[in-house]
Amino acid sequence: KRRVLKKLNVIIRAAERDSLRFPQLVISRLERVYNQKTWYQIEDTNLRYSIMSKICNLLISAYDRTNQSDKARSVRNILIIEEYLKNNY
């Protein structure tokens, strides 16, 4: 599990570096991690939410910047659901 967290942090840092100039690269870095919901492997609830939130927000921004508003909206919806679950369960 610790390995998953380490790998996710590396991917997120790379995506953060690319986020201003290369939104398509951010998408290619994060889409698989997002689709597989890899953050569910992190046991600590707050840490899991933090990682998921970073991934989602980076993707939303990259989708918006590449005119993929449907995908951005879909990720926003997941973020809203996850926030609700975190706060109510």
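## Helix packing, loops and a pocket

The contact draws on Thr45, Asn46, Tyr49, Met52, Ser53, Cys56, Asn57, Leu59, Ile60, Tyr63 and Asp64 of α3, together with Lys71, Ala72, Val75, Arg76, Leu79, Glu82, Glu83 and Lys86 of α4, where contact means heavy atoms within 4.5 Å. These residues of α3 and α4 divide into 9 nonpolar, 4 polar and 6 charged; Ala, Val, Leu, Ile, Met, Phe, Trp, Tyr, Cys and Pro count as nonpolar, Asp, Glu, Lys and Arg as charged, and the others, Gly among them, as polar.

The model is predicted, so local features need pLDDT of at least 70 and side-chain atom pairs count only at pLDDT 80 or more, while totals for chains, interfaces and linings use all residues. Residues are numbered from 1 along each chain as its sequence is written, and side-chain values use heavy atoms, with hydrogens and water left out.

Helices (H or I, at least four residues) and strands (E, at least two) are DSSP runs, numbered from the N terminus. Two packed helices are described by the angle between their axes and the distance between the axes. The axes are lines fitted to C-alpha atoms, for helices over the stretch in contact, and the angles run from 0 to 180 degrees between N-to-C directions. The table gives these values.

| Helix pair | Angle | Axis distance |
|---|---|---|
| α3 (residues 45-65) and α4 (residues 69-88) | about 160° | 9 Å |
| α1 and α3 | about 30° | 10 Å |
| α1 and α2 | roughly 160° | within 8 Å |

Angles under 35 degrees count as roughly parallel, over 145 as roughly antiparallel, 65 to 115 as roughly perpendicular and the rest as oblique. The helices α3 and α4 are therefore roughly antiparallel to each other, and α1 and α2 are likewise roughly antiparallel. With an angle of about 30° between α1 and α3, α1 is roughly parallel to α3.

On the side of α1, Leu5, Leu8, Asn9, Ile12, Ala15 and Glu16 meet Leu47, Ile51, Lys54, Ile55 and Leu58 in α3, a contact with 8 nonpolar, 1 polar and 2 charged residues. Towards α2, the residues Leu8, Ile11, Ala14, Ala15 and Asp18 of α1 meet Pro23, Leu25, Val26, Arg29, Leu30 and Val33, and this contact has 9 nonpolar, no polar and 2 charged residues.

Which residues line the largest pocket? Its lining is made by Val4, Lys7, Leu8, Ile11, Ser28, Arg29, Arg32, Val33, Gln36 and Thr38, and the elements that give two or more residues to it are α1 (2-18) and α2 (23-35). The volume of the largest pocket is about 200 Å³. A pocket is an open set of points on a 1 Å grid over the protein atoms alone where a 1.4 Å probe fits, with protein on both sides within 12 Å along at least five of seven lines, and lining residues have an atom within 4 Å of a point. Grid points are joined across faces, edges and corners, and a volume is the space filled by probe spheres set on the points.

Among the loops, Ser19 is found between α1 and α2. Leaving aside neighbours within four places in sequence, Ser19 is in contact with Val26, Leu58 and Arg65. Lys37, in the loop between α2 and α3, has a positive phi of about 50° although it is not a glycine.
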